[in-house]
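Dear colleague,

Please find below the structure that I am handing over to you. My findings follow directly after it.

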Amino acid sequence: MCSYRLDAEYADPTPLQVRIDTHEKYSERPDDPGADVLAALSLTGTEHLADIGCGDARFLADLAARGHQGPLVGIDIAPAMVAEANAIPGVRGVFGSADRIPFDDDSFDVITARHMLYHVGNPPSALAEFRRATKAGGSVTVVVNHPRACPYTGELVAAHAATYGVTVGDAFAGTVDSDTLPAMMSDVFGDIRIHRSDNALVFDTPDPLIRFAEALFAFYGIPTHHPRRQDISADLRQDIEDWFTHHPGRTWRDPKGYIVVTAVVDAG
Ligand SMILES: C[S@@+](CC[C@H](N)C(=O)[O-])C[C@H]1O[C@@H](n2cnc3c(N)ncnc32)[C@H](O)[C@@H]1O
């Protein structure tokens, strides 16, 4: 189970898109987990590939745009995300959960699961499900963040939520992160390969940081229609603007990173 409101967070694709765009534009070093996944997989372009927890399916859209010929399937538990996937030519969106993939055994040549395993109550059982649905000789690639990625922005949002009585504990105290995933994957698949990325978000003006912080709101118990959302937002904005005013020439730097773990499914 998640400690935050998953259904609220992914009912609307916009906050996820703001977060992805922020990582693309405001990372200290180039940040492209999709490219790292592609580098790990060396696709031929003919694979039957499922992206589990596909979100707005931009990874699959990119594959389709590169001319991938094999079937591309985006599986997500949020209907809004399934709709996003289905809107992309060459991509099929399917409603389903990582721990109960609605496909037969040995269906896919490749399964990817990028930044989604933290939302699953029992990650090892989802990994076993990825294995079940992948053909022998096929690949499974999983991306997860480092523990406590972007802690300062998260603490800021949590503090402002708390002033209005909203507390959800540590919103990102998930069941899996870059410290724990390798052992979990080894248990299910045997040999694994790991690519690690260490980075930081860096902001030198308030507005993009405010947008990013607001895109975390649902994780901290402040969904779109929360009665105090406007007040929390106004206080947060003021606080961030004050920080930049009182720290002239300084940047807001928040450490983050992820690992990409790849396994080949054996015949056993
Ligand atoms: C942080 S987003 C990541 C989206 C995309 N993979 C990316 O990296 O941009 C997590 C996604 O996983 C989906 N999700 C959460 N729990 C899921 C589950 N049990 N099965 C399938 N999808 C799930 C959410 O709806 C959301 O679209």
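In what follows, helices are DSSP runs of H or I with at least four residues, numbered from the N terminus. Please note that this is a predicted model.

Overall architecture

The protein chain contains 10 helices and 7 strands. Its C-alpha atoms occupy a box of roughly 60 × 35 × 35 Å along the principal axes. The radius of gyration is 19 Å, which agrees with the value near 18 Å that a compact globule of 268 residues would have.

The second largest pocket

This pocket holds about 200 Å³ of space. Its lining comprises 15 residues, and those closest to the centre are Pro15, Glu214, Ala215, Thr224 and Arg229. Three helices each supply at least two residues of the lining: helix 1 (6-9), helix 2 (14-26) and helix 9 (206-214). Helix 2 provides the largest share, with 3 residues. Sorted by class, the lining of the second largest pocket consists of 8 nonpolar, 5 charged and 2 polar residues.

The ligand site

Around the ligand there are 19 residues, of which Tyr10, Gly53, Asp76, Ala98 and Arg114 come nearest. The shell is made up of 11 nonpolar, 6 polar and 2 charged residues.

Which backbone atoms lie within polar-contact distance of ligand nitrogen?

- Gly53, with a backbone N or O atom 2.7 Å from a nitrogen atom of the ligand;
- Ala98, with a polar backbone atom 2.9 Å from a ligand nitrogen;
- Ile77, with a polar backbone atom 3.4 Å from a ligand nitrogen.

Taken alone, the ligand exposes 600 Å², and the protein buries 94% of that area.

With kind regards

Key
Residues are numbered from 1 along each chain as its sequence is written. This is a predicted model: local features need pLDDT of at least 70, side-chain atom pairs count only at pLDDT 80 or more; totals for chains, interfaces and linings use all residues. Side-chain values use heavy atoms; hydrogens and water are left out. A residue is near a molecule or strand if one of its heavy atoms lies within 4 Å of it. A polar contact is a pair of N or O atoms within 3.5 Å; within protein, one must be able to donate a hydrogen and the other to accept it, and residues adjacent in sequence count only if both atoms are side-chain atoms. Accessible areas come from the Shrake-Rupley method with a 1.4 Å probe; for residues, only the protein chains shown count as cover. Ala, Val, Leu, Ile, Met, Phe, Trp, Tyr, Cys and Pro count as nonpolar, Asp, Glu, Lys and Arg as charged, and the others, Gly among them, as polar. On a 1 Å grid over the protein atoms alone, a cavity is a set of points where a 1.4 Å probe fits but cannot get out, and a pocket is an open set with protein on both sides within 12 Å along at least five of seven lines; lining residues have an atom within 4 Å of a point. Grid points are joined across faces, edges and corners, and a volume is the space filled by probe spheres set on the points. The radius of gyration is taken over C-alpha atoms; the globule rule is 2.2 Å times the number of residues to the power 0.38.
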